[in-house]
Amino acid sequence: MTRAAWMDRAFHALGLAVLAVALSALMFLLADVWRDGASRLSWAFVTGYPSRQASTAGLLPAVAGSLWLVVLAAAMAMPVGVGAAIALEEYAGRRRWARLVEINIANLAAVPSIIYGLLGLGLFVQALQLERTLIAGAATLALLMLPVVILTAREALKAVPLAQREAALALGSTKWQTIWHHVLPTAMPGLLTGLILAVSRVIGETAPLIVIGALTYVPFVPDGPSSPFTALPIQIFAWISRPGTAFRANAAAAILLLLGVLLVTNGIAIGVRDRAARRRVA
Amino acid sequence: MTARTRQLAERMIEHALWACAGLSILVTIGIVGVLAWETAAFLAEVSPLAFLTGRTWTPLFYNQSFGVLPIVAGTVLVATIAMLVAVPAGLTSALYLSEYASPQVRRVAKPALELLAGVPTVVYGYFALLVVTPWLRTWIPGLAGFNALAPGLVMGLMILPLVASLSDDACTAVPRSLREGAFALGATRLQAARGVVLPAAMSGISAAVVLAISRAIGETMIVAIAAGQQPRLTANPLVPIETMTTYIVQVSRGDVPTGTLEYRTIFAVGMLLFVGTFTLNVGSDWLRRRMPGGRR
């Protein structure tokens with residue numbers, strides 16, 4: 001074998017090895033979390049209240065807080081995000097304005113999440129005087145997920161065949177009737193997939209919530225949007241930061257729960273997409 | 001509905017939709033506005049020169065000093081370590097995926113890599129502090145419990161998929177005929193990759209790397225958990241340091257009263273962070289647009 005051919009084989013092996021090492025590093029780390037946390041994970045842990053003692057501390061306020069945050073954030077980001085996507089995809093007549101919005105969204109998507117936290121702190125907590133409440137946290141997360149929602153919604157709208165729009169318009173529908181009755185229903189699976197992907201990115205967000213002032217010790221379940229709150233990743237951070245090993249098992253168990261939730265949401269997103277794809281073929 | 005009211009409704013809906021799109025611009029204005037407002041108040045009390053060139057960062061001490069360089073250095077140190085992992089590994093994976101891997105391998109490997117990017121950063125922080133640091137300490141006895149090395153390595157692992165996936169896109173966009181020309185001259189896949197694909201994809205790959213640097217600089221939780229809270233001007237990866245993002249988290253967790261100078265420091269640091277990442281993002285976008293077959 002020539003030297004060049006040998007190098008070629010060697011690089012092939014190297015490429016495989018790099019991929020294998022990266023993925024096995026992830027597996028190794030996950031196995032470690034499992035070893036630390038699996039024994040701690042129980043129904044009582046998920047439905048219990050926080051405590052100064054690691055062995056009796058529970059996750060309920062954090063889980064409830066995360067649920068509130070995600071639902072409120074999605075309820076705010078989804079209509080605005082889809083509306084923006086419709087404007088850009090269906091009405092992009094005003095070229096220069098549309099281009100400006102596009103560049104802006106691409107830039108927003110790359111702004112570090114902690115900066116959104118500072119925006120939330122300055123705008124929602126201070127200027128609008130929402131204080132350190134669920135609604136301020138959810139609004140911050142809504143802004144954070146907006147670029148993702150818009151980008152995925154645009155892809156979903158793009159996938160709707162032009163012929164479907166033309167058929168509706170030819171029968172005398174107005175532009176909005178076409179969009180509302182024909183484009184949106186067809187794009188719905190794609191829109192939902194995008195929403196779920198945006199949500200699963202936001203469930204794990206920690207930094208912006210710390211900046212706007214999520215609490216780390218909340219011994220109650222939030223009773224409304226103006227309640228103080230904690231969230232699952234905040235609780236994990238708080239437990240990791242505590243000295244000693246007692247809370248380490250709690251952090252690991254909470255991580256397992258978080259990763260489990262992410263697995264389920266992403267699974268649903270993939271499922272929705274696949275079903276829609278199969279229906280389109282049939 | 002008469003034709004007239006329907007027309008009116010159509011117009012109003014269109015305006016409402018454009019208002020949704022315009023909101024995204026308001027977000028940008030909001031970010032810049034909030035940061036600029038508080039930063040201006042901060043710079044009214046601390047001279048910009050002292051802020052940008054000072055070598056001591058002790059805003060929370062009795063003896064206050066506002067030289068931002070130590071936490072900038074901490075950020076750059078961790079980001080450098082992350083890039084030393086993510087760029088070679090990401091580029092190798094990208095070349096493997098675009099030049100060597102069969103379609104079946106690609107179909108499995110690409111989503112598997114995406115898994116790495118989907119893990120929340122707080123979880124990576126746990127890995128860095130409680131798994132990687134103890135493991136590294138068996139090899140490097142001098143390693144402190146908080147250090148730049150472990151979070152840097154873990155961050156590299158987290159950013160790898162970004163570099164790999166964008167570089168792979170850049171390589172795949174190189175026309176097939178260029179490779180075939182090289183193969184016809186007797187090149188191996190590696191020779192074609194190095195001599196033809198890499199140069200042709202270079203602007204796309206540079207865009208990926210620049211975007212990855214921006215991500216590394218803005219990354220918060222890994223360093224907040226595992227790198228420590230000791231601002232110091234050092235290139236030593238074995239000792240505790242503090243990054244800009246960690247500082248913002250540190251102040252946010254404490255009970256610094258709003259409206260004070262200490263409170264305003266996080267916005268000044270945030271402004272610096274925003275300007276840095278924004279510049280990198282724009283640079284990355286500029287590079288990507290030079291890519292053959294890329295977006296204009």
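Among contacts in chain B between residues at least 6 apart in sequence, 72% join residues at least 24 apart. Two residues are in contact if their C-beta atoms, placed from the backbone, lie within 7 Å. This is a predicted model: local features need pLDDT of at least 70, side-chain atom pairs count only at pLDDT 80 or more, and totals for chains, interfaces and linings use all residues. Residues are numbered from 1 along each chain as its sequence is written, while chains are lettered from A and ligands numbered from 1 in the order in which they are written.

**Chain B overall**
- Chain B has eleven helices and zero strands. Helices (H or I, at least four residues) and strands (E, at least two) are DSSP runs, numbered from the N terminus.
- Along the principal axes, the C-alpha atoms of chain B fill a box of roughly 80 × 70 × 35 Å.
- Chain B has 296 residues, of which 51% count as buried. Buried means 20 or more other C-beta atoms within 10 Å of the residue's own, exposed means 12 or fewer, and partly exposed is in between; C-beta atoms are placed from the backbone.

**Helix H1 of chain B**
- H1(B) has 43 residues and reaches 62 Å from its first C-alpha to its last, close to the 63 Å expected at 1.5 Å a residue. The expected span is 1.5 Å times one less than the number of residues.
- H1(B) bends by about 25° at Ala21(B). The bend is the angle between axes fitted to the seven residues ending there and the seven starting there.
- Buried residues of H1(B) include Leu17(B), Trp18(B), Ala21(B), Glu38(B) and Phe42(B).
- Their cover includes H3 (60-90), H4 (95-109), H5 (113-127) and H6 (134-158) of chain A, together with H11 of chain B.

**Interface**
- The contact takes 67 residues from chain B and 64 residues from chain A.
- Helix H1 (residues 3-45) of chain B gives the largest share of the side of chain B that touches chain A, 19 residues.
- That side of chain B has 41 nonpolar, 19 polar and seven charged residues. Ala, Val, Leu, Ile, Met, Phe, Trp, Tyr, Cys and Pro count as nonpolar, Asp, Glu, Lys and Arg as charged, and the others, Gly among them, as polar.

**Two loop glycines**
- Gly259(B) is in the loop between H10 (244-253) and H11 (261-289) of chain B. Gly259(B) is exposed, because 11 other C-beta atoms lie within 10 Å.
- Gly259(B) and Ala41(B) are 218 residues apart along the chain, with their C-alpha atoms separated by 9.4 Å.
- Gly224(A) lies in the loop between H9 (207-212) and H10 (232-241) of chain A. Gly224(A) has 9 C-beta neighbours inside 10 Å, so it counts as exposed.
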